[in-house]
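Please open the model in your viewer, keep a selection panel at hand, and follow the stops below in order.

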Amino acid sequence: MTVKHTKSLAGYALAAMLASTAFTGVQAQEETIKVGILHSLSGTMAISETTLKDAMLMLIEEQNKKGGLLGKKLEAVVVDPASDWPLFAEKARELIEVNGVSAVFGCWTSVSRKSVLPVFEELNSLLFYPVQYEGEESQRNVFYTGAAPNQQAIPAVDYLMNEEGVERWVLAGTDYVYPRTTNKILEAYLKAKGVAAEDIMINYTPFGHSDWQTIVSDIKTFGSAGKKTAVVSTINGDANVPFYKELGNAGIKAEDIPVVAFSVGEEELAGLDTGPLVGHLAAWNYFQSVDTEVNFDFIDAWHAYTGDDTRVTNDPMEAHFIGFNMWVEAVEKAGTTDPDAVIDSIVGVTVPNLTGGYSAMMPNHHITKPVLIGEIQDDGQFETVWETSGLVVGDAWSDYLEGSKDLIADWRAPMSCGNFNTATGKCGGSGS
Amino acid sequence: MLTRTRRRSSALGALAVFLVLAVATVTFAGTAAAQSDDAALRTQLNALAAGDFDDTQRQINAIAEAGDPRAAPALEALADGDLYFRRADNAVFITRKDGSDYALRDPLTLEDAGTAGRREVKKIRVNNRLRRVIRTALGTLTLRAPDPAARIEAADAIFKAQDVDSIEPLEAALAAETNTDVARHMREARAAAVLASDLPTPDKLEAIATVAARGDRDARSLLTGISNGPDTALHEAANAAIAKVERVQGLWDTARNIWFGLSLGSVLLLAAIGLAITFGVMGVINMAHGEMVMLGAYTTFVVQSLFRTAAPEYFDYSLIVALPAAFLVAGLVGIAIERGIIRFLHDRPLETLLATWGVSLILQQTVRTIFGPTNREVGNPSFMSGAMEIGQLTITYNRLWIVVFALVVFTALLVAMKATRFGLYVRAVTQNRRMSASMGIRTPLVDALTFGLGSGIAGIAGVALSQIDNVSPNLGQSYIIDSFMVVVFGGVGNLWGTLLGAFTLGIANKFLEPVAGAVLAKILVLVFIILFIQKRPRGLFALKGRAVDA
């Protein structure tokens, strides 16, 4: 396997030079199937995305050990969109047009996904998107292997309501599209469950917010109204560390006011002493602590690949594991890497996930997943305290929002539509 | 319903039970009865391994009811997530992680019981609800613990749980309690439990008074719970008590905002004070200032890693070593930047801005390559962890130390600039470079050292900020805007302006935040600064003199 690192600016010049000479040389030796990896290796999002690049390289290497795909070796093409949203679109174009990749695995933030959507549509290629997101989207060329809101947020709220008897809710998030949409859905859901408006407090903070004193103190006050209170946190990546530090220092224990987070995984906890945080929760579809043989094998392989047995695994890595295996199986089923053939053959493909079950690709290009609620442990891991009894089907359009509850997505013929309005019977209903 | 006499007699009964238990514990080894007790307790503990949360909860309650204090270590281990069972035979052990294996201990005798691999044992799951149950169970088991802190904790656990069954053990414990502080906590716990019980109204009114005297959020929370009950007398008493608690709370809220503002101000001061030298005094628009802070934070990480491997017992002193190290690292990098780039760009602010911006990106990516993109864990030494309570003001130690530290750094810098020969040179060179050079001052050396000083101070700030923020390559970016804001607002070239600017912005931000929300508060502060600069372009303290007017 050869890994070609094409770094932003110098990359263009090099690629142009190499294209004429090296490209023909490679073809003569051995024909490969190229797989694009579109994750930021520099800038603010590098903290989360670099790991995913490594995970993809590991998966590709393992597939090549098993003999590759359709008798050919796989070749990873890594680019660095540098946490710069417009650059994501440029790099996606470069991957598809210049490098001729058969599929792209990448993106983290919703903004970056929205920025590459038109490119994948125009050039008709495939994107596997591995991160939990706000839903309200289904696109023909994109496969959403992360959780939709009904596979993460709603079950987490159900758990707190039923198991911990929570009656008062703080919805705290970073001020951007994912938390705002998720909180809109959650607010509608809570009200549908009979929670009064004065029992819901919504709070937004800027990106990278580091002074949490006032908010933590507000949460404490809000929590002293005689009803069991919980915080539902959609606070993004970096801001979590000071938030949890402040919680710990202010003496808010999980037994008094639990915090359930949707963006905090093993990776984010790595920079923290989790002693004071034991019992705070996270909702994901995978935890490193899941004790199944297939997960132990995955962790061992990851430690062997990175040569570092302290590296953690996390939920988006599992999403890539599932997405990659689905793509491999769909290509084998179709007998070609042609995007149209793969889009047709991938619906219904079922592959093992790391929690001991199987995940299937649904017609709306979302997948089925179990939902796990985990509590933070003092070793920086999560302990599963609750899980759904079966698999949950990812719902592209939320049932709790006006304008989206009538919409469904089905990319199989004859419907082939990402936003079919069941009320009007037409494709292309309202919604973003 | 319980009457007073019955309660007293059952309190005596509880005392008797305690005595019997104490005797049983002392003599258990010898007697056959105790041995069967032992087996029964072991069966009860082993039963924790089976079933779901509800089963475990029933089992914990059963153990608590049996009241054997020997169960306490196992329950504590369960709450801490250290209680595992062996898959082969469902035997329960207290474990400790040992590499990738687990070291086992017997839950009753606490003797060593070998090791097991991670696939052989399974953890007994607990969640927050179970931890609450365990805390209450342990509360009744540890009300007579020798350590006063443990007794207070036990009483507080009962206060929170409002555990009606604990009234009798509490009264028994109260009668024997000599420590007034512990006794107060116990009385409050008893009052909370009484409010949840079905005792007559006079008892409850008395309890309301006891709880209201606490005057804190927990008290308010508890009182709100009963204020909408059916009993009107209680209802009124509770509402009056709540009103009183809230009046007190209002005052404390103001105090809290001032403290939060001071704390935020000190963070801003630390971040900006180095910039007050490089930008304020030297006039260099240094966009790589934030990266100096980051370098300081990473130096702290490296120093702490060395301490962890070489001398873990002296970990608390790691910050004291990190301070000079961070000053040197950031200072040397600063001097290198000044000598390598900035000196060629004198009086070309736009080019300086772009060049230092480039330097900041290079430094970020270098750190990312060396240390990886993820957050690094910087520990808090023990004197910086936790919080103290002044009335109802929770003051966290790390914030307190940062306020103190910021003021110390400020004073030291002020002295260095005003009272040393080096400070005189710096002021001379910045006010009139050519004149100073004519007087025999080596201006290039002074430039390099001044920039090094500013960067070094930023490095020191990084040591402090590593205690409250992420240590990641992006650390510096989040402070650069705030730093410029403080320096410009305070008045370029004036250290006192920076001090006053930082605290003004901090306190203003914290009073706006509860009203307007964090996002809007930040915007409002920014708008305010823009308007202020329109009115007073030179900031709070304008520097006067010919150099400025020129």
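Begin with the largest nonpolar core of this predicted model, which has 212 residues. Within this core, select A:Val35, A:Val260, B:Leu270, B:Ala272, B:Ile273, B:Val293 and B:Ala461, the members that touch the most other members. A second, separate core of 33 residues can be coloured next, with B:Ile158, B:Ala172, B:Ala219 and B:Leu222 among its members.

Return to A:Val260 and show its surroundings. Which residues is A:Val260 in contact with, once its neighbours within four places in sequence are left aside? They are A:Ala156, A:Leu160, A:Ala230, A:Val232, A:Ser233, A:Leu281, A:Ala282 and A:Ala283.

Now widen the view to the whole of chain A, which is divided into domain 1, made of 4-147 and 292-368, and domain 2, made of 150-290 and 373-393. The C-alpha centres of these two domains of chain A lie 30 Å apart, and the contact between them takes 22 residues from domain 1 and 21 residues from domain 2. On the side of domain 1 that touches domain 2, select H2, helix H10 (293-306) and helix H11 (315-334) of chain A, each of which supplies at least two residues; the largest share, three residues, comes from H2(A). Coloured by class, that side of domain 1 of chain A divides into seven nonpolar, 11 polar and four charged residues.

Next, bring both chains into view and select the contact between them, to which chain A gives 47 residues and chain B gives 49 residues. On the side of chain A, the elements that give two or more residues are helix H2 (46-65), strand S8 (200-205), helix H7 (213-222), helix H8 (240-249) and strand S16 (382-387), and the largest share, seven residues, comes from H7(A). By class, this side of chain A has 14 nonpolar, 19 polar and 14 charged residues.

Finish in chain B, where five strands form an open sheet in the order S4-S3-S2-S1-S5, with antiparallel pairing. Its edge strands are S4 (112-116) and S5 (121-123) of chain B, each pairing on one side only, and neighbouring strands of the sheet are turned by 40° against each other on average, direction ignored.

Notes: Residues numbered from 1 in each chain as written. Chains lettered and ligands numbered in written order. Predicted model: local features only at pLDDT ≥ 70, side-chain atom pairs only at ≥ 80, totals over all residues. Contact = placed C-beta atoms within 7 Å. Helix = DSSP H or I, 4+ residues; strand = E, 2+ residues; numbered from the N terminus. Nonpolar A, V, L, I, M, F, W, Y, C, P; charged D, E, K, R; others polar. Core = buried A, V, L, I, M, F, W, Y, C linked by C-beta atoms within 7 Å. Buried ≥ 20, exposed ≤ 12 C-beta atoms within 10 Å, placed from the backbone. Pairing = 2+ DSSP bridges. Axes fitted to C-alpha atoms, helices over the stretch in contact; angles between N-to-C directions. Domains from an automatic or database assignment.
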